[in-house]
Amino acid sequence: MNLAIYLRRVLLTALIPFLLLPGSGWATAGEPVLRILAWPGYVDADVVSAFEKRFGGRIELTIIDSDAALWQKISSNQGADFDVFAVNTAELQRYIDKELVQPIAPEAIPNTRRQLPRFRAIERLSRDGKVYGIPYTYAEMGLIYDRAQLATPPDSISALWDPRFHGRVLAYNGGSHNFSLAALAQGSARPFGIAAGDWKRNVEKLVALRRNVLGFYTEPEESVRLFRRQGAALMFANYGMQQVQLLKAAGVDVGYVIPREGALAWLDCWAISRGAQDRTLAHAWIDYTLEESVSSLLVSRQGLSNTIATASGNRSEGKLHWLEPVEDVAKREKLWARIVSGDRPAKVLLP
Amino acid sequence: MRIGIALRTGLLLAVIGVLASGFTGYYAYNSSRTLLVGAAEEQLMAATRVLVRQISVSIETFSRHASMAANSPQAAHSLADGDAAVRTRAENHLAALFAAILQENPEFFQMRLIDANDHGIERVRVDRDTDGLVRVTGDDLQEKGHYPYVFEALRQPPGTVYISRPAINRERGAHAGQDKPSIVFAAQVRRDGGTAPLGLVVINVDLEGVFRQLAADLPSGIDLYLTNRNGDFLLHPDPARAFAFDRGQRALVQEQFSAAAVLFDGSTDHVITTTPELVAAFVKQPLSPPQQDAFFTLGLSQPLDHVLKESNALGFTMLRIVLAFSGLSVLLAALLARAITRPLDQIVGAVKRFSAAQQREPLPLERRDEIGVLARSFAEMQERIDAQVAELHEKQDELNHLASHDNLTGLPNRRLFLDRLDLALARARRNEERLALLFIDLDRFKDINDMHGHAAGDAMLRAVAERIRASVRESDTVARLGGDEFVVLVEGTHHPEDTSLLAQKVLTALTPPVPYGTMTLEVGASIGVSQYPQDGQTASELVASADRAMYRAKKEGNRRNNIAS
């Protein structure tokens, strides 16, 4: 035998064990792979390894942190790059429109029976009788109050306008949410769709809010700082339990309520992309995340809410208004910019 | 061999020279580079501290402006005088004051008097606009009570000036300051002896304007960074990184310069760092007057290329020096190699020529080094070899003589004689000349030997040889063939009679007695003559013919002095 050929054979033989190492891709082609795209904190490493142990296969987890990034990753290859992803209900609609998701078989996900009834009856998760999203986690924008200053928890959004709390209320600096909030405070059933004749009312309501609050915040840390330093009594919790946890960590004794008008809330669902390779494993994954041991981690580790357990306190009783695209974002933001700048109602409403 | 020694010595010396200058150059360059970076770091840090100091001074100046305006009587009158006309007049005065201050301070966006009541309504407001100052009045005055620079400033202890966090001013209608990075200074307006503040004088300062002025003095290539207490960039050479938090993103100094993280854990108030592209210095500075643990960090950076430009220039100079020295060392190596190998070559040449032809060549004998020793040793060896060769030649000549001459008489012996006869015959044949042989045999030589001893015989033979030689021409060959036989080769004889005459002359010469001690010894000879070409063609024929003639002569002359031919 030619020496060169012999050497090449010896080398190739020596390399084979390395080529077969797990993780190098092709060598493990026989093993099913589930490609998951999720948000920080949704899928922890121990959850991944427990799933892999029970169902076999391997999970490839990718983390995104914005709706834009999510849309880019799913739409770039017609959904063929991922099997399962987490998306909020408002965003889900455009994925359905562009046919980037495929219908889910609810019977393959028996754990949906564990979910609280209100999550099983959300219209926006289905279209034409087909289910496209399974709710997984959510956060709602309730009210945070200082237990030392309020003997009884506020039961209505109107507490934000209560002159008793003048200069002790913190609200969020965001036009879209605030108009929805103003609409809810006035008993509107359609907080995401303000009728043409209702703008004046809502503007006046928000100017009144401005005159009653201490100030407006944008970031959770900022809200906590203002709450503590300025002795606020009541706060609209745009970031929900995240702010409660921060305040508690900072040593403030706060309570958290969903007002009787209900709270604005975002809800993230699992969806299966059109190009999913292994539908069975995808369904198994969604079912698995709805188990008590997995879903409870959202609460204990992340301060988020899950869809299977009744939360403590008043939270569970409250009605939730899942975020929807609003009638005119630009108009809401323009008017809000004037309101927050300090213009009086007449000037706000100028064209 | 010649090229070998020269080349090898030269190469070795050249390599040593090049390496030495190369390493020297490299280490000099490296240490100069380190020194330069160190110097640049120190300069940057010093410049950063100077800037921080200037900013602190600016901040104090802005605070003083706010306090001064807030302490003016017009401010209090505008807010609290019972008479509306007095209030209006005071407001106008205050507006004029604000306008004057704004004129003086181009980095101020706006100055306002804000009421502590009525939701923080603006009472007096002068804004800077693109083409001058604008006094905002009537419905355009806004309620600002929900802004931290109002509600926090109103809660500050008396006499302190509130300084806001730097932020993009999103308030609508703010003219030149709208959507621009700003810092707000707010000073309380109080009535003498009043417990609660009546309102605030608020100055919006153009953050970029302040730093534009400061940065104008910086040398080109130096970039300025400013961060808030979290490390968010407020100023950055890349505008996309400044106020990123305002756009829902994060751009932190501790992410771009990981070394800067120490500024935020409280361990130090300054840090210097060198990335592959930049040298950067950061200094952390609390606000003055102090504002609840608030601080900012200021940084300056300089491209490393820029810092190393001098070092690179130095590097090029070093390179040139290294190249020059390398060239020089190559040249020196060549010269040195030549200096070493030339005398060696000389010696080698001398050895070669000496061994080939025993020729003497000049040697570098005068050198005092090893080569001189080598040359002198070789010269000595040459001398010795010369002496030995001369001795050898002498001995060889002697041996040759012994081999071809008779020991006793010194005459050529038979062998040499036959050689000469052959040569003479060849010559005679070619020139058609004649030659003759005289074969001489002594008469009664045996008797002398017997009677007087061998010594007498020898003396007799020596005398005979001498007499024969004396009686012939010098060109004729006289030889002793052995015992008492002699022979004479006569060349160029023209006539047989000449030979007879010669034979007679020889015989006559031999006739007188030979003295020996006290005695005289009688001597006689018989001579046989043969002639070429008559008596023979070859040497042996001629010798045999002469021999026969000699015997005839002996017989005829009764063994006494006779000649036959």
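**Chain B in brief**

The model is predicted. Chain B holds 13 helices and 19 strands. Of its 565 residues, 36% are buried.

**Helix 11**

- Helix 11 of chain B covers residues 454-471, 18 residues in total.
- From first C-alpha to last, helix 11 of chain B reaches 26 Å, close to the 26 Å expected at 1.5 Å a residue.
- The buried residues in helix 11 of chain B are Gly457(B), Met460(B), Leu461(B), Val464(B) and Ile468(B).
- Seen down the axis of helix 11 of chain B, these buried residues fall within an arc of 100 degrees, so they line one face of the helix.
- An α-helix has 3.6 residues a turn, so residues three or four places apart point the same way.

**The five-stranded sheet**

- In chain B, five strands form an open sheet in the order 9-8-12-11-10.
- The pairing in this sheet is antiparallel.
- Strand 9 (233-235) and strand 10 (270-274) of chain B are the edge strands, and each pairs on one side only.
- From one strand to the next, the twist averages 25 degrees.
- Strand 11 (residues 278-286) and strand 12 (residues 295-303) of chain B run antiparallel and are joined by nine bridges.
- Val283(B) has Leu298(B), in strand 12 of chain B, as its bridge partner.
- In general, strands of a sheet pair through backbone hydrogen bonds, either parallel or antiparallel.

**Helix 7 and Leu304(B)**

- Helix 7 of chain B spans residues 304-357.
- Helix 7 lies across strand 10, strand 11 and strand 12 of chain B.
- Its direction is about 45 degrees to strand 12 of chain B.
- Leu304(B) belongs to helix 7 of chain B.
- Leu304(B) counts as partly exposed because it has 18 C-beta neighbours inside 10 Å, while a buried residue needs 20 or more.
- Leaving out residues up to four places away in sequence, Leu304(B) touches Thr274(B), Glu277(B), Leu278(B) and Val279(B).
- Leu304(B) and Leu278(B) are 26 residues apart in sequence, yet their C-alpha atoms are 4.7 Å apart in space.

**Contacts within and between chains**

- Take the contacts in chain B with a separation of 6 or more: residues 24 or more positions apart account for 60% of them.
- Where chain B meets chain A, the contact takes 13 residues from chain B and 14 residues from chain A.
- On the side of chain B that touches chain A, three residues are nonpolar, four are polar and six are charged.

Technical notes:
Residues are numbered from 1 along each chain as its sequence is written. Chains are lettered from A and ligands numbered from 1 in the order in which they are written. This is a predicted model: local features need pLDDT of at least 70, side-chain atom pairs count only at pLDDT 80 or more; totals for chains, interfaces and linings use all residues. Helices (H or I, at least four residues) and strands (E, at least two) are DSSP runs, numbered from the N terminus. The expected span of a helix is 1.5 Å times one less than its number of residues. A residue is buried if 20 or more other C-beta atoms lie within 10 Å of its own, exposed if 12 or fewer, and partly exposed in between; C-beta atoms are placed from the backbone. The arc is that of the directions from the helix axis to the C-beta atoms. Two strands pair if DSSP finds at least two bridges between them. Axes are lines fitted to C-alpha atoms, for helices over the stretch in contact, and angles run from 0 to 180 degrees between N-to-C directions. Two residues are in contact if their C-beta atoms, placed from the backbone, lie within 7 Å. Ala, Val, Leu, Ile, Met, Phe, Trp, Tyr, Cys and Pro count as nonpolar, Asp, Glu, Lys and Arg as charged, and the others, Gly among them, as polar.
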